[in-house]
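Hi,

Here is the structure I promised to pass on. Please look it over, then read my notes below.

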Amino acid sequence: MMKKRTIFLIIVAFMLVGCSSNDETSVNGDPKAETEATTKKISTINGEIEIPTKVERLVVDAYLPTSLLLGVKPVGATQRDLDNVHIQDQIDAIENTGESAVESILALNPDLIITAEADAESYEKLSKIAPTVVLPYETYRSVEEEVKGLAEILGKQAEGEAWLKMFAEKVSENREKLAEVLDPNETYSIFGAYSKDFYLYGDGIYRGGQAIYKQLQLKAPQSTQKELIDTGETYKQVSYEVLPEYAGDYIFLDESNGAELNREDSLWKSMDAVKNNNVFYLDAERFWAFDPVAVLAQVEEVTNMLLEKKKSEK
């Protein structure tokens with residue numbers, strides 16, 4: 001009889017422990033062990049869409065470097081993204097999707113697609129493969145905006161904050177180096193010769209504009225400041241004859257698509273920046289990219305260009 005009573009008490013004890021355990025799994029009626037949501041809804045230019053909270057197979061167009069810095073390695077990216085010289089040590093095993101070829105993307109079985117291509121027909125095709133977030137070029141107007149925006153989409157806010165902290169520290173270091181040698185009143189222009197056309201660039205995504213004006217905070221000529229930066233325009237096509245009106249004490253020049261500015265032309269030689277040998281010729285491979293990783297590299301390269309110039313003048 002005593003043995004049966006002992007067994008009964010043991011069983012009751014286990015039952016009480018179990019009940020106690022079950023009670024502890026809920027707070028305010030919500031089970032602690034409740035499965036985390038596997039999807040979330042975000043607002044896009046194509047309306048509200050549902051995307052995975054944890055992205056496993058990402059395909060990108062134009063946002064490869066930002067995905068990488070957030071710790072998300074896509075399974076596919078465009079050839080243009082893969083050619084980016086600033087990330088060549090990080091792209092192994094990423095498949096080339098061509099220029100967002102639907103067949104290539106379909107074969108990769110993505111669970112999320114992020115693209116800069118805003119064409120409605122393209123979106124319709126891609127969204128049938130996987131949830132597709134369209135972020136047209138210049139959706140983000142700064143490094144900070146892009147990193148925070150992609151971090152929110154990919155659920156990598158902590159990684160984004162850590163990278164931006166590092167970025168801010170490095171930019172600050174480079175600004176301090178330049179402050180020691182530059183005259184704060186000197187001005188800087190970004191010119192572009194493209195095929196037979198000529199361009200001016202502001203503080204946007206073109207030709208190092210973010211690095212030069214936004215991050216290093218180098219001073220633009222008043223004409224550039226008024227017509228581009230203050231108005232939010234990132235570039236402006238102009239005739240060759242008006243370039244002197246936008247020329248700063250220093251000129252950063254991009255020559256692309258077969259363009260080669262005539263160094264002996266009298267108008268070109270009339271500019272003070274040219275007379276003083278204050279012209280820097282930009283490497284298109286390094287200054288056409290405008291992602292956060294590229295902007296940081298450009299900050300450092302522009303700083304080194306100017307420091308070397310000042311050093312040579314001593």
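Helices here are DSSP runs of H or I with at least four residues, numbered from the N terminus. Glutamate 176 lies in one of them, helix α7. Note that this is a predicted model.

Confidence first. The mean pLDDT of the protein chain is 89. In the chain, 89% of residues reach 70 or more. Residues 1–29 need care in reading: pLDDT stays under 50 there. For that stretch the model has eight contacts beyond four places in sequence.

Now the charges. A patch of negative charge sits on the surface. Its members are Glu169, Glu173, Glu176, Glu180 and Glu300. Helix α7 spans residues 157–179 and gives the most to this patch, with three residues.

Salt bridges next. The structure holds 14. One joins the side chains of lysine 125 and glutamate 121, at 3.5 Å from N to O. These two are four residues apart in helix α5 (residues 120–127), so about one helical turn separates them. Side chains of opposite charge can pair when their charged atoms come close.

Best wishes

Key
Residues numbered from 1 in each chain as written. Predicted model: local features only at pLDDT ≥ 70, side-chain atom pairs only at ≥ 80, totals over all residues. Heavy atoms only, no water. Patch = residues over 30% accessible without salt bridge, like charges linked within 9 Å, V, L, I, M, F, W, Y side chains within 5 Å. Areas by Shrake-Rupley, 256 points an atom, 1.4 Å probe, with all protein chains shown as cover. Salt bridge = Lys/Arg side-chain N within 4 Å of Asp/Glu carboxyl O. Lys, Arg positive; Asp, Glu negative; His and termini not counted. Charge placed at Lys NZ, Arg CZ, Asp CG, Glu CD. pLDDT = per-residue confidence, 0-100. Contact = heavy atoms within 4.5 Å.
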